[in-house]
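Let's take a walk through a protein model together. Have the sequence and the 3D view ready, and follow along heading by heading.

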Amino acid sequence: MSAQDFTIAAGLAARRRLGATVAMIALAILLMLISLGTGPVRLSPLTVIEALFGGGSDVSQVIVREIRLPRTILAFAIGAILGLSGAALQGLLRNPLASPSLFGAPQSAAFGAVLVIALGVADVRSYALPVAAIIAAFGSVFVLLMIAGRNAGLLILILAGLAISSLAGAATALVMNLASNPFLVLEIAFWLLGSLEDRSFQHVAMALPFIVVGAAILLSQASAFRALTLGEETAQSLGVDVARLRLFVIAGVALGVGGAVAVTGTIGFIGLVAPHLMRPVIGHDPARLLVPSALAGSALLLAADIAVRIIPSTSDIKVGVLTSIIGVPFFLYLIMRERRALGGGVA
Amino acid sequence: MTMLSAEHLNVALGGRRVLRDVSLQLAAGHLVALVGPNGAGKTTLLRALAGLIPSVGVIKVGGEALAGLPLRERAKRFGYLPQGHMVHWPLPARDIVALGRYPHGATDPARLSPRDTEAVARAMQAADVMEFAERRVTELSGGERSRVALARVFAVEAPIILADEPTASLDPRHQIDVMKGLRAAADQGVLVIVVTHDLGLAARFADHALVLSQGHLASQGAPAVALSEAVMADVFRISAFRAEYQRETVIVPWAEI
């Protein structure tokens, strides 16, 4: 094979990746239109587009632009940051089982938010909520990476993640346990299940800035993840400041996941699943996986949020419950696939 | 010309002194074999010289103090090949080799400048890995993977190459391939430092040998001299068969003493 041949081969691969990314964008847009049209009043995608741009009846305009648009924007943005966080953590740790929810980040963020509500220091719609969630998420990811050290195996990561999420869960339970007001307990519990129902533009304003900043931080580190393919030491010899990279990833994940959890509660396993869906089409390059994983995360959460509105049931199914019901079996499947590596061998 | 020098280098890891007062001066265009028993501090010396771990003492690269160089500048001066040739994701061999251009600002293998593309192609030809450019490294044999790793280091086009046991777990043919590749780089003016346990390869291919023993330099010089019978006995606690074949030094470890 000559130098020219491999330039051509690389060009073909780049075109395939671009095609896949464009297809994911189209899918996300389509799902957003369906999401805007789904609810007690069903609207066709055409009516939705009309209403979005100020046409159609007043009723459909109110439904689309004021009731359903915030929910759809949140589903898109939160799905994206969860998918992106998963891809970034998998890139940092060179490990396909890494994800925010396995490391206890959403659970810790939820604890931070619950504590703020229980203490009554702030209203459910104040910025204190996302800030507390971000601080707690930062703490959890930081502790996890401290425990993991430089070249942590799968087993250490998963055990440490289990410990951290258990601790966050226990701490949350303690707060609920000690809460004086039963209505407060009910509110916290429902909110912990993770839901996008009845979210307003106020919620969007609360979460979106943090999500955007977190995503920007993670995306800015893309090429460093690629260099990490050769391990931390070699990446450092190539000029990657690995210690700074870790800090950036912790900050990006904490901002994004903390901001998301503060308005929706815990929505798990999107970050684990999204990168895996994209690898067969995009390849394993951790830098190239970031954007497609974010789009896959958006598509997954939008689809899940549409599903909870369509599935007939006596009471509302929470979207966080649905993503876990689908995500955990997927996790089990991944464990089965990674069995050899988990058994202690070097994959 | 002195390419790399260290004066009174000391390294402590986890409270244990691993390197004691190591001083050396190494010239461009030399292949230097770094030998010593297990635990003598060979890998630590390599890492310290590349600035990957903190050390006390003065290291100079081409006359400049290593401590004063930013990370990116250091990366351009050292091609570092760690033990094991670990690759964590199944990327095509070409993308792995292209990572060698990372210090030069080429962080995306799909968008290399013509200059970087040429450097990658040169490195792949030098290491003879062109034929599996598009294959995933995880699907290659151990020997092929070690050649890809070598190509990745060549692609940096650094004046210094530091290779940590590049021949470990390779069959004899691939060991010779790798050593010849490194020798060729040295002949083009690169300073190559190779950590190895194979005293035979060290004696044959190196211009200069460094013998580490318990963290200090026990001996250094031309291989036949630095790996004298006395050093073999004191440092390695073995006797060796010594001869000359095709005008090259032959050392075969023989018996424990």
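The crossing of α5(A) and α11(A) is right-handed, meaning that the near helix is turned clockwise from the far one by less than a right angle.

Who meets whom? From α5(A), the residues include A:Ala133, A:Ala137 and A:Phe138, while α11(A) brings A:Ile250, A:Ala254 and A:Gly258, among others. Two residues are in contact if their C-beta atoms, placed from the backbone, lie within 7 Å. Sorted by class, this helix pair has 17 nonpolar, 2 polar and 1 charged residues. Ala, Val, Leu, Ile, Met, Phe, Trp, Tyr, Cys and Pro count as nonpolar, Asp, Glu, Lys and Arg as charged, and the others, Gly among them, as polar.

## Chain A as a whole

Chain A has 15 helices and 0 strands (DSSP runs numbered from the N terminus: H or I of at least four residues for helices, E of at least two for strands). Of its 347 residues, 52% count as buried; that takes 20 or more other C-beta atoms within 10 Å of a residue's own, with C-beta atoms placed from the backbone.

The C-alpha atoms of chain A fill a box of roughly 65 × 50 × 35 Å along the principal axes. Among contacts in chain A between residues at least 6 apart in sequence, 78% join residues at least 24 apart.

## Where the chains touch

The contact between the chains takes 24 residues from chain A and 29 residues from chain B. On the chain A side, α1 (3-37), α9 (222-227) and α10 (232-237) each supply at least two residues, and α1(A) gives the most, with 6 residues.

## A tucked-in helix in chain B

Helix α1 (residues 42-49) of chain B has 7 of its 8 residues buried, so it is largely enclosed by the rest of the structure. Among the buried ones are B:Leu45, B:Leu46 and B:Ala48. Just after α1(B), B:Gly51 takes a positive phi of about 75°.

## Reading the labels

Residues are numbered from 1 along each chain as its sequence is written, and chains are lettered from A and ligands numbered from 1 in the order in which they are written. Because the model is predicted, local features need pLDDT of at least 70 and side-chain atom pairs count only at pLDDT 80 or more, while totals for chains, interfaces and linings use all residues.

Conventions. A residue is buried if 20 or more other C-beta atoms lie within 10 Å of its own, exposed if 12 or fewer, and partly exposed in between; C-beta atoms are placed from the backbone.
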